[in-house]
Amino acid sequence: MSTSTKKKDAGLHNSLVYIVQHWQLYVFFLLPALVLIAFEKYNPIRGILGSEWVGFKHFSRFLSSPDFLSYLGNTLKLSVFGMLWGFPVPILLAFLLNRIESKGIKKKIQLCLYMPNFISVIVLCGIVRIFLSVTGPVNLLLGTQINFMTMPEAFRTIYIASGIWQGAGWGSIIYTAALSNASTELKEAAVIDGANIFQQIKAVEWPAIKATVIIQFIMQAGNIMSIGFEKAYALQTDLNMASSEIIATYVYKKGLLDGDYSFSTAVGLFNTVINVILLVAVNKIVAKMNDGQGL
């Protein structure tokens with residue numbers, strides 16, 4: 001192989017490595033073109049510049065759809081209820097872990113709590129389906145033959161509970177780290193003064209993680225509409241669609257399965273705009289309630 005050929009191969013390799021390492025830059029430059037598709041009747045052959053401009057037609061189509069309120073409601077219910085039930089769990093786990101004095105026992109418990117986070121979404125959904133099947137462990141334990149995956153009223157509980165089980169342990173890491181900054185002298189003084197566990201948490205440990213909790217709450221509240229389609233789609237069945245069909249799964253089906261790229265882009269853009277509005281609004285509300293401290 002000649003020297004010039006080797007240099008060309010090396011240059012191509014370096015370029016590919018650079019693109020992989022800095023893919024966010026390319027997405028940023030492509031973003032205006034992707035947003036533009038939402039206002040066009042996009043034709044892959046004609047391209048973005050050659051496609052017909054339709055303005056807000058796709059947005060009007062989505063907002064006037066009879067299923068719009070259903071998709072929006074399902075998305076908000078999964079996100080809001082998931083946050084209300086799931087947000088306090090990592091904080092409580094961090095407080096509990098902080099009470100364990102034996103480092104060996106603490107590490108073993110943390111390992112068990114962190115492990116579910118490394119299970120992929122698809123594998124998790126497979127485990128859920130097996131456990132909740134008619135012949136699964138749950139029905140054997142209850143002595144019933146209920147197919148939970150076909151029940152729309154059970155989908156939300158299944159989705160949220162499995163998410164808490166998978167992510168609560170890993171989510172507690174940041175709070176556990178913040179608790180390490182709590183003053184041991186103040187804690188010892190509180191114990192000497194006869195403070196119980198709850199009083200110790202209120203006086204010593206809570207101030208150490210308060211700022212972290214506020215930031216995490218703002219970030220989660222601002223991402224209410226950013227619920228991913230993978231898990232909802234993997235747990236979805238024909239019989240639980242009334243509860244499992246959310247905006248993300250709708251965008252996936254319209255965009256990739258039906259090939260309606262412009263409409264799915266418009267729906268995704270609508271979702272993003274709502275997220276940005278929520279993030280700004282929640283940040284301002286929390287800042288007012290917390291002496292001007294927000295993000």
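**Helix packing and salt bridges**

Modeller: Helices α6 and α10 are oblique to each other. The model is a predicted one. The axes of α6 (residues 88-99) and α10 (residues 152-179) cross at roughly 55 degrees, and an angle between 35 and 65 degrees falls in the oblique class.

Biologist: How are the axes of α6 and α10 placed where they come within reach of each other, and which hand does the crossing have?

Modeller: The two axes come within 7 Å, and the crossing of α6 and α10 is right-handed. Residues of α6 including V89, F95 and L97 meet residues of α10, among them I164, Y175 and L179. By class, this contact has eleven nonpolar, five polar and no charged residues.

Biologist: How many salt bridges does a search of the whole structure find?

Modeller: A salt bridge requires a side-chain nitrogen of Lys or Arg within 4 Å of a carboxyl oxygen of Asp or Glu. The search finds three. In one of them, R99 and E205 meet at 2.7 Å, N to O. R99 belongs to helix α6 and E205 to helix α12 (residues 197-222), so the pair ties together parts that are 106 residues apart in sequence.

Biologist: What of the pair K253 and E245?

Modeller: The closest N and O atoms of K253 and E245 are 3.1 Å apart, and both residues are buried.

Terms used. Residues numbered from 1 in each chain as written. Predicted model: local features only at pLDDT ≥ 70, side-chain atom pairs only at ≥ 80, totals over all residues. Heavy atoms only, no water. Axes fitted to C-alpha atoms, helices over the stretch in contact; angles between N-to-C directions. Helix = DSSP H or I, 4+ residues; strand = E, 2+ residues; numbered from the N terminus. Parallel < 35°, antiparallel > 145°, perpendicular 65-115°, else oblique. Left-handed = near helix turned anticlockwise from the far one by under 90°. Contact = heavy atoms within 4.5 Å. Nonpolar A, V, L, I, M, F, W, Y, C, P; charged D, E, K, R; others polar. Buried < 20%, exposed > 50% of the residue type's maximum accessible area, 1.4 Å probe, protein only.
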